[in-house]
Amino acid sequence: MRVVLVNPAHTGIRPEDEEEHLGLGYLAAVARSEGHEVTVLDATPRRLPPAAAARRVLDLIPAGPGTEGREAGLIGVSVIFQELIPSAMALIAELRHLGFSGHITIGGHPPTFLYRELCRDFAGFDSVVVGEGEVTFTDLLRALDAGDDWRGLPGLVDAEAVRGRPGEGPDGDRAAAAAGPTPRPLVADLDELPFPARDTLPEFTSRPRGTASVLRSRGCYGDCSFCDVRAFYAALPGSAWRVRSAANVADEVEMLMRDHGIERIRFWDDNFIGPGRRGREAAEELAREFVRRRLKVPFSFECRVTDVDRDLFRLLKEAGLRKVFLGIESVVQRQLDLYNKKVTVEDNRRALTTLEELGLEVTVGMIMFDPDTTMDELGANLEFLKEVFGSWAEVRKRVAQPWNRLQVFAGTPIEKTLREQGRLKGDYVRYDYEFTDPTVRALYASGAVLRRLGLPIRDAMNRLRRRA
């Protein structure tokens with residue numbers, strides 16, 4: 001079967017922050033292992049709007065013989081962020097407008113939590129993959145290829161059953177489908193999956209040159225209130241955190257270096273250091289495997305501040321670790337508790353000090369604004385950044401989004417909390433809320449101007465305090 005997998009363009013991502021879509025890479029790999037012809041189209045690096053992306057997709061799927069429209073094949077559309085829902089749905093609508101009559105499926109974190117709302121509000125797609133996609137997607141392809149009924153497959157939503165068909169009465173099968181799909185267990189052994197297809201790799205290796213993404217584990221043992229990773233994996237049967245063997249990961253890295261000239265690796269794990277002793281031992285095993293094979297490839301990853309251990313990170317540095325991303329989020333304990341980080345302000349400082357003493361580059365994530373942020377709290381976070389990094393120019397380089405606001409994602413504890421408090425505004429495409437402090441509200445509103453000026457915000461804060 002002819003398959004095209006599409007990632008709609010996310011124009012809000014800076015070119016230097018773009019990454020390969022490993023989820024589609026894995027889907028392409030498992031589909032090819034079943035004998036299907038698969039193409040991956042990532043519209044983000046090309047900045048293709050929905051209509052242009054739809055035309056490009058249909059160029060990859062020939063018209064069915066003896067028909068006016070296009071009916072051959074399957075199109076899978078990834079929706080990795082809620083703000084991409086409108087462009088993904090516009091892409092699907094354009095595909096139908098241009099005559100594609102084959103099967104369209106969607107998947108990702110937002111569709112997993114929002115499939116009822118999406119089926120209610122949009123047409124054009126036939127199914128929704130809920131949870132991890134590799135096995136579900138393979139079963140769907142097998143059913144379509146054989147002409148079998150795919151409805152009722154575990155992990156798959158029949159969109160028409162959820163929408164309901166006008167003029168038809170309910171029946172048992174449709175009622176069951178509307179209630180939700182049969183849960184698909186998480187992939188227990190990640191080593192069983194083929195390495196992701198690297199169709200889009202040349203588009204990313206030049207930013208910076210020779211860099212590829214690798215996923216060695218799935219899930220996170222943390223339970224941050226704003227993050228949908230834990231909710232995504234915890235909702236399905238199986239271990240929420242799984243890790244590939246060190247040998248399997250090293251084999252993929254060697255392949256990337258040998259076949260693609262890769263010189264750097266960005267581990268794209270939700271949390272590179274897993275839970276407890278098991279997580280530490282898995283990280284140590286990988287470090288020793290890299291050293292044993294003399295891979296000498298610089299790599300980076302993301303982890304929690306409580307994962308930073310001097311001895312472990314010294315070993316990882318010997319294996320090639322050069323850069324660490326830490327989700328600091330705040331040095332205000334109230335905010336850390338709201339975000340359910342389960343860390344202290346001192347934990348944040350200790351992790352940064354350890355990494356600095358080891359000579360490792362650090363980038364941090366901060367959530368400067370939440371619904372109840374005060375000016376004093378904002379000032380404390382800004383003073384901390386200035387203290388750690390020395391200048392606002394350095395802050396801009398070392399903080400992922402210096403003027404970041406708490407975002408609310410479907411399926412997260414913070415969404416539930418704000419909804420119960422009656423403070424959640426907007427809709428599922430982009431949830432919103434109001435700041436309690438009017439001065440903070442005014443300051444955040446001026447953030448676009450402040451960002452262009454390079455974060456000269458102390459004077460702006462003082463001016464707003466005087467006006468309040």
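**Notebook: two helix pairs and one glutamate**

I began with the contact of helix 11 and helix 12, where Arg 280, Ala 283, Glu 284, Ala 287, Arg 288, Phe 290 and Val 291 of helix 11 meet Asp 311, Leu 312, Leu 315, Leu 316, Glu 318 and Ala 319 of helix 12. I sorted the residues of this contact by class and got eight nonpolar, no polar and five charged. I note here that the model is predicted.

Next I looked up the geometry. Two packed helices are described by the angle between their axes and the distance between the axes. For helix 11 (residues 276–293) and helix 12 (residues 310–319) I found an angle of about 30° and axes 8 Å apart. Angles under 35 degrees count as roughly parallel, and helix 11 and helix 12 are therefore roughly parallel to each other. I recorded the crossing of helix 11 with helix 12 as left-handed.

I then turned to helix 1 (residues 22–33) and helix 5 (residues 134–146), whose axes come within 9 Å and cross at roughly 45°. I put this pair down as oblique. The handedness I noted for helix 1 and helix 5 is right-handed. On the helix 1 side I listed Tyr 26, Leu 27, Val 30 and Ala 31, and on the helix 5 side Glu 134, Phe 137, Thr 138 and Leu 141. By class, the residues of the contact of helix 1 with helix 5 come to six nonpolar, one polar and one charged.

With Arg 334, I noted a polar contact of 2.7 Å between the side chains. I also checked Ser 330, which lies 47 residues from Glu 377 in sequence and 9.1 Å from Glu 377 in space, C-alpha to C-alpha.

Last, I took down totals for the chain. I counted 20 helices and 15 strands. Of the 468 residues, 53% are buried. Among contacts between residues at least 6 apart in sequence, I found that 74% join residues at least 24 apart.

How values were computed
Residues are numbered from 1 along each chain as its sequence is written. This is a predicted model: local features need pLDDT of at least 70, side-chain atom pairs count only at pLDDT 80 or more; totals for chains, interfaces and linings use all residues. Side-chain values use heavy atoms; hydrogens and water are left out. Axes are lines fitted to C-alpha atoms, for helices over the stretch in contact, and angles run from 0 to 180 degrees between N-to-C directions. Helices (H or I, at least four residues) and strands (E, at least two) are DSSP runs, numbered from the N terminus. Angles under 35 degrees count as roughly parallel, over 145 as roughly antiparallel, 65 to 115 as roughly perpendicular and the rest as oblique. A crossing is left-handed if the near helix is turned anticlockwise from the far one by less than a right angle, and right-handed if clockwise. Contact means heavy atoms within 4.5 Å. Ala, Val, Leu, Ile, Met, Phe, Trp, Tyr, Cys and Pro count as nonpolar, Asp, Glu, Lys and Arg as charged, and the others, Gly among them, as polar. A polar contact is a pair of N or O atoms within 3.5 Å; within protein, one must be able to donate a hydrogen and the other to accept it, and residues adjacent in sequence count only if both atoms are side-chain atoms. Buried means under 20% relative accessible area, exposed over 50%, partly exposed in between (1.4 Å probe, protein chains only).
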